[in-house]
Amino acid sequence: MAIRSIRINEDEILRKKCRTVDEINNRIKVLIKDMIDTMYNANGVGLAAPQVGILKRIFVIDVQDGNGVKVFINPEIIEKSGEYTDYEGCLSLPGMQSEVSRAKKVKVKALDENGEEFILEGEDFLAKAIQHENDHLDGILFTDYGN
């Protein structure tokens with residue numbers, strides 16, 4: 001597919017709240033494929049739609065655990081527990097890193113690229129990635145945590 005430009009630094013789109021995806025049509029599927037290609041091209045672990053200039057509630061993650069890329073459409077974190085502090089960076093904030101405390105475990109409900117609902121439980125690095133990308137959908141960056 002295509003490699004899209006990643007919005008960086010103070011681009012105002014990174015601070016906007018994303019809209020719900022009402023229909024998973026061909027345009028959404030092309031966007032998802034482009035997001036996956038863009039994430040891999042940038043050596044990222046995750047990428048949210050606003051990072052490529054699209055205000056839709058979509059993100060993709062591949063934490064290199066052997067399970068491949070996971071697509072999250074209209075995600076909702078339904079449970080959080082514990083605490084996990086680790087360094088984070090972001091493709092939209094090149095060269096920046098800081099310590100961020102997040103939930104150690106999360107349970108997220110979302111749709112996949114075929115419109116099938118799923119529930120996924122993640123821990124540690126996967127939980128961090130889910131929370132980080134989900135924050136992008138609400139205009140929140142890891143630097144907002146101020147650790």
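Buried here means under 20% relative accessible area. Keep that cut-off in mind; the model you have open is predicted.

**Stop 1: helix 2.** Select residues 125-136. Now colour the helix by accessibility. Of its 12 residues, 11 are buried, so helix 2 is largely enclosed by the rest of the structure. The buried set runs Leu126, Ala127, Lys128, Ala129, Ile130, Gln131, His132, Glu133, Asn134, Asp135 and His136.

**Stop 2: the annotated site.** Select Cys90, His132 and His136, which an unreviewed UniProt entry lists under "binding site". They span 47 residues in sequence, yet no two of their C-alpha atoms are more than 10.3 Å apart, so the three gather at one spot.

**Stop 3: His132.** Stay in helix 2, where His132 is found. Its relative accessibility is 7%, so His132 counts as buried. Show its contacts, skipping neighbours within four places in sequence: Glu88, Gly89, Cys90, Arg102 and Phe142.

**Stop 4: His136.** Move along to His136, also in helix 2. At 2% relative accessibility, His136 is buried as well. Leave out residues up to four places away in sequence, and His136 touches Lys16, Cys18, Ala48, Pro50, Gln51, Cys90 and Leu141.

**Last stop: Cys90.** Which listed residue should you centre on now? Pick Cys90, part of the UniProt "binding site". Cys90 is in contact with His132, and His136 touches Cys90 too.

Notes:
Residues numbered from 1 in each chain as written. Predicted model: local features only at pLDDT ≥ 70, side-chain atom pairs only at ≥ 80, totals over all residues. Heavy atoms only, no water. Helix = DSSP H or I, 4+ residues; strand = E, 2+ residues; numbered from the N terminus. Expected span 1.5 Å × (residues − 1). Buried < 20%, exposed > 50% of the residue type's maximum accessible area, 1.4 Å probe, protein only. UniProt positions renumbered as here; feature names shortened; annotations may be inferred. Contact = heavy atoms within 4.5 Å.
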